[in-house]
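Open the viewer and follow along.

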Amino acid sequence: MGHVTPVRTYLLVYVALLVLTAATVGAAFLPLGPLSVVAALAIAGVKATLVLLWFMHMRESSRVTWILAAAGLAWLLLLILPVIVDYLTRGWVLAPKGW
Amino acid sequence: MSERTALLEPQFDRLEQQREASSIGMWAFLASEVLFFGTLFAGYAVYHTLFPEAFQEGSRMLVWPAGAVNTAVLLTSSLTMALAVRAARTGSRSGALLFLLATVFFGAVFLGIKGWEYADEVHKGHVPAGLGSLFGWAGTEGPDAPRTDLFLTFYFIMTGFHALHMVVGLGLMLWMAWTVLRSPIDRAAGPVEMTGLYWHFVDVVWIFLFPMLYLLGLD
């Protein structure tokens with residue numbers, strides 16, 4: 001089964017996840033305006049990366065696993081981003097009357 | 001028959017290949033799960049963009065400390081899950097069993113807190129009016145109620161599907177505990193690792209749900 005991660009590493013990742021959870025709550029109380037969404041997603045992204053790399057062992061996984069994980073992320077972005085861009089840019093271009 | 005060949009299913013040449021195949025199958029399933037939750041995230045993103053104030057008002061109806069505690073509980077269950085996989089990999093049957101049951105415990109605590117939250121929201125009338133009238137509960141009121149209801153609908157559907165995944169996960173963990181008891185630990189290690197991937201995935205979904213649903217409009 002190959003390499004075994006030391007218990008101490010798992011505990012460190014766990015503590016980091018708890019600290020980041022506290023950070024995301026703290027950031028929510030700051031008057032960041034529209035940046036608060038960015039901060040929340042960035043912290044959640046770091047937390048998810050920690051879980052993926054250490055708890056889900058992606059660090060030791062084969063390239064095929066990485067491709068599948070990347071495909072999941074790529075399709076997710078393809079699902080969300082164009083839809084958001086559509087809604088954000090509606091009304092930017094006004095078609096002439098009668099169209 | 002040597003011990004090594006006893007672990008190998010007939011369709012595989014080598015143990016490494018067998019392990020790789022199950023891992024790839026699990027990751028492909030998880031990628032499809034990403035898209036399942038992804039549609040909900042996309043819908044949420046659109047309506048959050050359109051009605052930011054109503055979403056903040058809806059978010060303030062939730063008990064954010066309960067969500068924060070639940071995040072910590074779920075992260076703890078992920079730690080015990082990782083330790084269960086580690087114990088199974090290193091051949092410790094009692095360790096694997098102990099940490100699997102700890103994972104079940106923390107998962108159950110999470111669902112308990114979630115259930116308390118749902119009851120609290122029904123009690124306070126913080127449910128979409130449509131859902132309220134369906135079950136005879138008081139729903140949200142006020143001029144912005146339809147838009148706040150939209151947030152609450154996302155909240156109940158997203159956390160509801162997440163909780164459903166938790167229930168499935170708890171069933172899998174109990175199954176794995178049974179497997180660890182019944183079969184040799186080196187045979188159980190693979191399945192324990194695969195169910196662990198599922199459990200951590202459900203944790204990752206919650207990591208995004210928590211700030212999106214609970215932490216809007218606190219500043």
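Take the contacts in chain B between residues at least 6 apart in sequence: 81% of them join residues at least 24 apart. Keep in mind that this is a predicted model, so every number here is computed from predicted coordinates.

What does the chain B fold consist of? Chain B has eight helices and zero strands, and reading along the sequence you get α-α-α-α-α-α-α-α. The C-alpha trace of chain B spans about 75 × 35 × 30 Å along its principal axes. Of its 219 residues, 53% count as buried.

B:L98 and B:F135 are 37 residues apart along the chain, and their C-alpha atoms are separated by 41 Å. Is B:L98 buried or exposed? At 56% relative accessibility, B:L98 counts as exposed, because the cut-off for that label is over 50%.

## Salt bridges

Over all chains, the structure holds eight salt bridges.

| B:R89 | A:E60 | 3.5 Å |

Start with the pair formed by B:R89 and A:E60, with 3.5 Å between the closest N and O atoms. B:R89 lies in helix α4 (residues 64-89) of chain B, while A:E60 is in the loop between α2 and α3 (63-89) of chain A, so this pair joins two chains. How exposed are the two partners? B:R89 is buried, with a relative accessible area of 13%, whereas A:E60 counts as partly exposed at 32% relative accessibility.

At 10% relative accessibility, B:E193 counts as buried; the label applies because 10% is under 20%. Which residues belong to the salt-bridge network? A:E60, B:R19, B:R89 and B:E193 are linked in it.

B:R187 lies in helix α8 (residues 185-214) of chain B and B:E9 in the loop between α1 (3-7) and α2 (15-50) of chain B, so the pair ties together parts that are 178 residues apart in sequence. B:R187 is partly exposed, with a relative accessible area of 38%, and B:E9 is partly exposed too, at 33%.

## Over to chain A

How do α1(A) and α2(A) pack? Helix α1 (residues 7-29) of chain A and α2(A) meet at an angle of about 170°, and their axes are 10 Å apart. Angles over 145 degrees count as roughly antiparallel, so α1(A) and α2(A) are roughly antiparallel to each other. On the α1(A) side the contacting residues include A:Y10, A:V13, A:Y14, A:L17 and A:L20. They face a set in α2(A) that includes A:I43, A:V46, A:L50, A:W54 and A:F55.

Helix α2 of chain A (residues 35-55) also holds A:V38. A:V38 is partly exposed, with 49% relative accessibility. Together with A:L30, A:L32 and A:L35, A:V38 makes a nonpolar surface patch of about 340 Å².

One backbone detail deserves a look in the viewer. Most residues other than glycine have a negative phi. A:H57 has a positive phi of about 60° although it is not a glycine. Where is A:H57 found? A:H57 is in the loop between α2 and α3 of chain A, and A:H57 is buried, with a relative accessible area of 6%. The loop between α2 and α3 of chain A is also where A:E60 lies.

Technical notes. Residues numbered from 1 in each chain as written. Chains lettered and ligands numbered in written order. Predicted model: local features only at pLDDT ≥ 70, side-chain atom pairs only at ≥ 80, totals over all residues. Heavy atoms only, no water. Patch = residues over 30% accessible without salt bridge, like charges linked within 9 Å, V, L, I, M, F, W, Y side chains within 5 Å. Areas by Shrake-Rupley, 256 points an atom, 1.4 Å probe, with all protein chains shown as cover. Salt bridge = Lys/Arg side-chain N within 4 Å of Asp/Glu carboxyl O. Helix = DSSP H or I, 4+ residues; strand = E, 2+ residues; numbered from the N terminus. Buried < 20%, exposed > 50% of the residue type's maximum accessible area, 1.4 Å probe, protein only. Axes fitted to C-alpha atoms, helices over the stretch in contact; angles between N-to-C directions. Parallel < 35°, antiparallel > 145°, perpendicular 65-115°, else oblique. Contact = heavy atoms within 4.5 Å.
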